[in-house]
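Biologist: I would like to learn how to read a model like this one. Could you take me through some features, one at a time?

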Amino acid sequence: MSIVTVQLGQCGNQIGHEMFSVLCSDIRGTHGLCSKKENESYQDSCKERFFCQEESGVPVARAVLVDMEPKVISQTLSMAARSGHWKYNSHSHFCQKQGSGNNWANGYSVHGPRHKEAIMNLVQKEAEKCDRLGGFFTIMSMAGGTGSGLGAFVTQCLRDAFPTSFILNHVIWPYGTGEVIVQNYNSVLTLSHLYHSSDALLVHENDVIHKICAQLMNIKQISFRDVNQVIAHQLGSVFQPTHTAGGGSGYSRNPLGDLLEPLVPHPEFRMLGLRNIPQMPESSLPYSTFSWPGLIKHLRQILIAKAQMEEGIDWQVRPPHPGSSIPSTNKPLHFNTSIANLVILRGKDVHSVDLGSFQDPSLYTSWLSPQDAFNAWKTPRAFNKYEKSASLVSNSQFLLKPLDSIVGKAWNMFASKAYLHQYTKFGIQEEDFLDCFTTLEQVISSYTNL
Amino acid sequence: AVSLPFAVGQCGNQVGCRFWDLALREHAAVNKKGIYDEALSSFFRNVDTRTGDNGPDIYKGKICSLKARALLIDMEEGVVNEILQGPLRDVFDSKQLITDVSGSGNNWAVGHKIYGCQYQENIVEKLRKTAEHCDCLQCFFIIHSMGGGTGSGLGTFVLNLLEEEFPEVYRFVTSVYPSGEDDVITSPYNSVLAMKELNEHADCVLPIENESLFEIVNKIHQMINSGKLGSAVKQSSLVTSSAGSAKTLQEKPFDAMNNIVANLLLNLTSSARFEGSLNMDLNEISMNLVPFPRLHYLVSSLTPLYTLADVNVPSRRLDQMFSDAFSRDHQLIQADPKHSLYLACALLVRGNVQVSDLRRNIERLKPSLHFVSWNQEGWKTGLCSVPPVGHSHSLLALANNTCVKPTFIELKDRFMKLYKKKAHLHHYLQIDGMEQSCFSEAVSSLSDLIEEYNELDATKGGPRIDPSRLKIAV
């Protein structure tokens, strides 16, 4: 099955480009540590998911690029074409001239309806090119105006036009100390709207990725490109072909379904966090070796202690005593309760890995059995030159504190009524804000009371 | 997206002239192939002049003849004529000019009421024609001074017109405020009457004070002559310089100061014209820096003021650039944002600067700045890859900060000094459409604005009580 990617706004387009680059360079690489036949099968599967073949032989990304100003799309298209290894369809983009002005209401209420037909036509065309449509993957930031506002509108349109397809939104959370002053308003409006039309939100936080760049990748002058490349690597580690649990010998043919069905058992809980280890500069890769037990131990503690990466993990945090049923208010404060987790392992000796520690019932709520709450995909074909790579996609309290912080700051600003006139002039009223706050306070409450 | 500058009055046109000159210099430095591109199109049309001046616009391909998208308005001919005889004469055509001969006599009412009425149709027609050539008109810039008659009176009349004719296009105004020692006695009247218009009809105002420009010019002069720099300064990098632009004649006294303002506008629009990893368009500036409609006065600062020519001398530390942006002597009005209250702050960086440099400096400087309680961490940031001519990096800071208050208070005081004695009032009241109420309403508008800043200042340093959150039934 194929995934149609919709890149929205500057962030969405910049990340989308890095993602397709990584996917393409991974399948072209010879670091798969597997047989030629296995490698070809992997390549075919990736291509089916993300690329279509043109006569020229250059893979064409299954993507629609949307932005309300022209510069980023223009750059993105030409960078891809220059690579010589893949490209975008030269017609599969839509842009305007004036931008959205970091105004969610402008993106949602003005640009959305105005350009709905044109954008959905492009999406329809891409969907029709797929033999079997596996769903939609949208990439957007929630701080600005286009990715956030127009992105929320487009997601709704996708839901209306494709009621039975999977929709996964990749949402970038901005730096806490601001890229955009009204980012918290835009975030609250985006998250609450997406909650109603999307199947799940896969979140990356700029602050977290920035730390990875600084402390693990040893980059001195970190650029947005560096941040985007780490994000792309993490996305690739999830979306490249995998063998699912009962999948037999072939690669999974329903990537979004396989991801979303076990992770989102209840509609109230749709926020997915992502962690990937190890992360290091490419130059260090040949000199590093890792053991699976070590990686699994770290990944589990990252989950339990809500760590952002493999350095600075708080090893003091322990799950509550197994067997006893503890009301949520008595659980250790820093402990992360999960609804469902997915661990994706790629590389050498993957089948020898013991993941029993992730099935510990004390990690989870009581609604699902640990067998249902925890899933693992093991794939021997190594990813992106990492001999061993482990990813965790988690529906847990990972994002609770950051979400609460964003809602708190937005509420603080809302109480003073600052900037509201900028939204009301495009049709988003105070009552609309209140509805969004209510939705998100509900989500916060639900996750808190796990 | 296109930005359309209007230069109104003598000061406005002198600044405007420097702006167009430096804009051409900037685009020439970036655009090596002579292809008419998206960046150029925001300020210039590309006209096929082979068959004459009225040739069609060429939207793609090689540059034929660049024409500035602009309107030059003055009620005296001196300045505009000079522009039309100077090296920029081919950049403008007569359809963009509106001039008269007798001037406004430093009288806001003459500019606003008499010339406004007289030239309204002409202005609207030329405005519409100019707008027709624009694919997507995003923003108007009015460049003028507040203290005279034309820039101040007719300039604010044009502001009103723009709101009526193109309500959806943003209106940015660069206003040069008079100093206390201004030789135009009635400048306080003109300025306060104009302020009311700015309060009500502008989206964003960038106030500039001549004293600040003068101090910057002096500071650079002293630095160069003191020999402290150790090596020569790159001429083209001076924020005050016309080096490398079309103007080769002896620089006039105000040129250095006007170049600063021209550079301000170039930097303000750089991210809309050139690519970068975090674009910042003009509508975003308005969105993020104006929390309440009337509080739209933004204090600006530009750094660095120069770069050294000697490549062996290490470039001034990047962080120094950020520190300077917040220092008193880099602000373009007489104000000290560090000791007043920030409502919002924007940093537009150009050149080889990355997000980590931005983050590091924000973290470093934040503790010494006072932000309003509902916007403790709000920064608007932009990263444009293309640096200004002669620099490897630069920074424009825009602050919505209560430090504008003293400028407005002084203006009001100077106004009241004259108004109490009814000095020179008859020059205004004898104009058709002018009544005493125009004055009282104008000063009242200014007083209200000052009061809003007072209320905000009162919250500074006070206890921070976060409003309680919505409670959800579990």
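Modeller: Gladly, and let us begin with contact, which means heavy atoms within 4.5 Å. This is a predicted model, where local features need pLDDT of at least 70 and side-chain atom pairs count only at pLDDT 80 or more, while totals for chains, interfaces and linings use all residues. Residues are numbered from 1 along each chain as its sequence is written, chains are lettered from A and ligands numbered from 1 in the order in which they are written, and side-chain values use heavy atoms, with hydrogens and water left out.

Biologist: With contact defined, which residues is B:Phe6 in contact with, leaving aside its neighbours within four places in sequence?

Modeller: They are B:Leu71, B:Ile73, B:Leu127, B:Phe140, B:Phe141, B:Ile142, B:Ile143, B:Val158 and B:Leu162.

Biologist: And which residues touch the most other members of the largest nonpolar core?

Modeller: Two terms come in here. A nonpolar core is a set of buried Ala, Val, Leu, Ile, Met, Phe, Trp, Tyr and Cys residues joined through side-chain atoms within 4.5 Å. Buried means under 20% relative accessible area, exposed over 50%, and partly exposed in between, using a 1.4 Å probe and protein chains only. The largest core has 306 residues, and A:Phe239 and B:Phe6 touch the most other members.

Biologist: How do I read a pair of packed helices?

Modeller: Two packed helices are described by the angle between their axes and the distance between the axes. Helices (H or I, at least four residues) and strands (E, at least two) are DSSP runs, numbered from the N terminus. Axes are lines fitted to C-alpha atoms, for helices over the stretch in contact, with angles from 0 to 180 degrees between N-to-C directions. In chain B, the axes of helix 7 (residues 210-226) and helix 8 (residues 255-273) come within 9 Å and cross at roughly 105°. Angles under 35 degrees count as roughly parallel, over 145 as roughly antiparallel, 65 to 115 as roughly perpendicular and the rest as oblique. Helix 7 and helix 8 of chain B are therefore roughly perpendicular to each other.

Biologist: Which residues of helix 7 and helix 8 of chain B meet?

Modeller: From helix 7 come B:Asn210, B:Leu213, B:Phe214, B:Ile216 and B:Val217, and they meet B:Ala256, B:Met257, B:Ile260 and B:Val261 of helix 8.

Biologist: What about disulfides?

Modeller: A disulfide is a covalent bond between the sulfur atoms of two cysteines. The rule here is a pair of cysteine sulfur atoms within 2.5 Å, and the count over all chains is zero. A:Cys157 is in no disulfide, and its nearest cysteine sulfur, in A:Cys436, is 17 Å away. The sulfur of B:Cys134 is 9.0 Å from the closest one, in B:Cys136, too far for a bond. Both cysteines are buried: A:Cys157 has a relative accessible area of 6%, and B:Cys134 has 10%.

Biologist: Finally, how many residues of helix 11 of chain B are buried?

Modeller: Eight of the eleven in helix 11 (residues 355-365), among them B:Val355, B:Arg359 and B:Leu365. Their cover includes helix 7 (206-216) and helix 8 (224-239) of chain A.
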